[in-house]
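Reader: I am new to this structure. Can you show me how to read its salt bridges and a helix packing?

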Amino acid sequence: MVKQTIEIFARVKPTKKPTSEYFADCDEQGGSLLFLVPRDAADGFINNKRENYKFRFQKVFDQTASQEEVFENIAKPVADNVLAGYNGTIFAYGQTGSGKTFTITGGAEHYNDRGIIPRTLSYLYRYFSMNNTMIYTTHISYLEIYNESGYDLLNPQHEASRLEDLPRVTIMEDPDQNIHLKNLSLLQSANEEEALNLLFLGDTNRMIAETPMNQASTRSHCIFTIHLCSKELGSARVRCSKLHLVDLAGSERVGKTGVGGQILTEAKYINLSLHYLEQVIIALSEKDRSHIPYRNSMMTSVLRDSLGGNCMTTMIATVSVEKKNIGESLSTCRFAQRVALIKNEALLNEELDPALLIVHLKKENQSLKEQLALMTGEQRSDKLTQEEIQQLEGLVNVYLEDPDCEVTLDLGPDMRKIQFCFSLLKARVREKPCAGSSIPLTGMLDGKDRRSHEDVQKLEEMLAHRDNEISILVNMLKREKKKLQDVTSQMTKPQNKNESPTTLEAAESAKYDSSNGDIHAQHLMTGKRVPELSAGQQEVFEVFLRDHKEHLSIEDKRAVLQQRFVEAKALGEQVNQIRTRVNYLKGELKNRRKQMAVQGLTGNQTESELDPFEEKILTQIEEEKKNYKITSGCLKDLKTEIEHLQLLLEKSKVKIQSDFENWWTQEGARLQGHSGENTGNNRRGISPLSHMLTRKNNLKDDESDLHEGRQGEIRDKRSLPSCDFSSTPFLLTGDKKTDADIEAFIRARHNLLNSTGETKH
């Protein structure tokens, strides 16, 4: 890999008259251009504009420099790198009429006026004829980019057809981000004469027009590419490189030249593509730039490798030092200084020739076969004989029928026999086992047993989880029974005489209202985490949430938050109303001013008179603006308070969920032993969790029916009829102790309800 910056050179176009607007330093080690821009007296006495502009280049070619000198210093080193296997690019940049095409292609009047392209072709083919140790193959392509559309200049239909009828060259990109050009001809040239004929054909097909700046101005960008492949005699390594010789169309200021029509359209496309080229140059010169806009134009896409890629690139800045062109020349030199900041990483394009590699491998394979036959004393073919196949089948049968697990199948160092035995064993395994077959299928049986064992483990884990849930539900049921017994003992004591049935009715209603509120709060506080709980855990969570210390605090915060939402909505409506009134007043003021303007034109009113109606509207607008600021400030403060309340409420939700998970885990661990003792009883018949959930649903249905009956009793002032507990069927868990607790809980509840009904008479 060779890392180097883009080399920049400057060439000054000869002028008809001597000029003192510039000074050129043509030193061999590094040249410079100095432009003198005198201050204009019309700009005033105080004028701080710069007068001197100095730019440094690798070398500067003054007006007297010849084409041969330009080739020796610029193109020849690049051509040598291409012969060594590196990609190369030479492109000329400058305003229209500054000598770009003359430098790249050359003039047609004298032989010494040949440009870089024909001189490079001559140099390459002369080098090919002198080097007899290498084989060279060259292919040539010639691309024209006209109005951001690509055309093949070497297309034989180019002369006989209109430009719009020719197939356009399109850009295609492979997964490795390599650019490929579709519909672009790649023609082989065996000698210098064929290559020059292709160059002449492409130059004939180029778009040329007469402009105020140049009588034969090229109106398109052209890229002449030489594809070179080289390899040594008898070697499998091939070096493939390419050389781009780019002639860019000249930029021009449309306002200065005054062109129009088709030439104006062409100038727009030229300036746009050069602008995209400058964007790419600026992006590449910035170190922290992550995206390079290569795809903005076709020219930058084709030259992707030349600009910051795998290529050794050289730029020629052509300048015109006439006084009227100093501004464009300064712009060209600034562009060259930015180009000099770009670093390319050129790689040696060397790879193995696939055809030669295949031939080499075949020879090596044949040589190894001969060596093997010499060592073993027998000649081997690629296929086994029929006798060898029968012998191997017998060895495989003996190996499979032998009950000894340590027996081996000895085939010798012959890969043909080993592969045949593997294929034979695979066919035996895939066959369906017959009734009298003695082939063991231990591996297959082991796989089934392994899967069955894993299923059993999963079921056992699921059963243990359900047992833990049942144990926790039973404990919760015991606690509820204890609370109910405490309430029953208090109700059996003499009640206060001042207590009325209305108080009992309110307490009963509050009980059911709080239950509904707990269910609503559960869905609100747990958010997305409630659906992850099982049915048993959800029922336990309802009770846990009702008894949690943060429950009342959360309800208060929810109430305050709802109130703040109502206030915010009201303030928002006020703000919208104020905005509507202001817009209405502005419309009235506009209409009033129109009326006053009409009256002033007709002479009915002088300009010095003040309109009291207009002053009134302005005063109202100012008042509405003050109200808008005050209301908006209140709304902003209220929004901050709402966000704070939402944050506190969210923290409380997370805390309750975390407390419930910790409590659930502790209860499960504590009751692990108890659930293990009852495993034998719980695995009979229906699942104990199904019993428990069914029982829980029955209890809820009984409570709902009893609540409806209680409401009817309050309305009708009648006694509650007693319920015979022994005649009511209930589904039990199968555990004697648990069933006794459940029956005691139901009995105590009915006694409590009966005693309450009697006190209301």
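Author: Start with the rule. A salt bridge is a side-chain nitrogen of Lys or Arg within 4 Å of a carboxyl oxygen of Asp or Glu. Keep in mind that this is a predicted model.

Reader: How many salt bridges does the count come to by this rule?

Author: The count comes to 15 salt bridges. Side chains of opposite charge can pair when their charged atoms come close. Take R304 and E173: their side chains meet at 3.5 Å, N to O. This pair links distant parts of the chain, 131 residues apart. R304 sits in the loop between α7 and β17, and E173 in strand β10.

Reader: Are R304 and E173 buried or partly exposed?

Author: Buried means under 20% relative accessible area. R304 has 13%, so R304 is buried. E173 has 33%, so E173 is partly exposed. Shared partners also join E173, R295 and R304 into one network.

Reader: Where do E555 and R558 lie?

Author: Both lie in helix α15, three residues apart, about one turn of the helix. Another bridge, R581 to E624, has 3.2 Å, N to O. That pair links helix α15 to helix α16, 43 residues apart.

Reader: At what angle do α3 and α4 pack?

Author: About 160 degrees, with the axes 10 Å apart. Over 145 degrees counts as roughly antiparallel, so α3 is roughly antiparallel to α4. The crossing is right-handed. The contact includes L121 and Y125 of α3 and L196 and L199 of α4. Its residues divide into seven nonpolar, one polar and one charged.

Technical notes
Residues numbered from 1 in each chain as written. Predicted model: local features only at pLDDT ≥ 70, side-chain atom pairs only at ≥ 80, totals over all residues. Heavy atoms only, no water. Axes fitted to C-alpha atoms, helices over the stretch in contact; angles between N-to-C directions. Helix = DSSP H or I, 4+ residues; strand = E, 2+ residues; numbered from the N terminus. Parallel < 35°, antiparallel > 145°, perpendicular 65-115°, else oblique. Left-handed = near helix turned anticlockwise from the far one by under 90°. Contact = heavy atoms within 4.5 Å. Nonpolar A, V, L, I, M, F, W, Y, C, P; charged D, E, K, R; others polar. Buried < 20%, exposed > 50% of the residue type's maximum accessible area, 1.4 Å probe, protein only.
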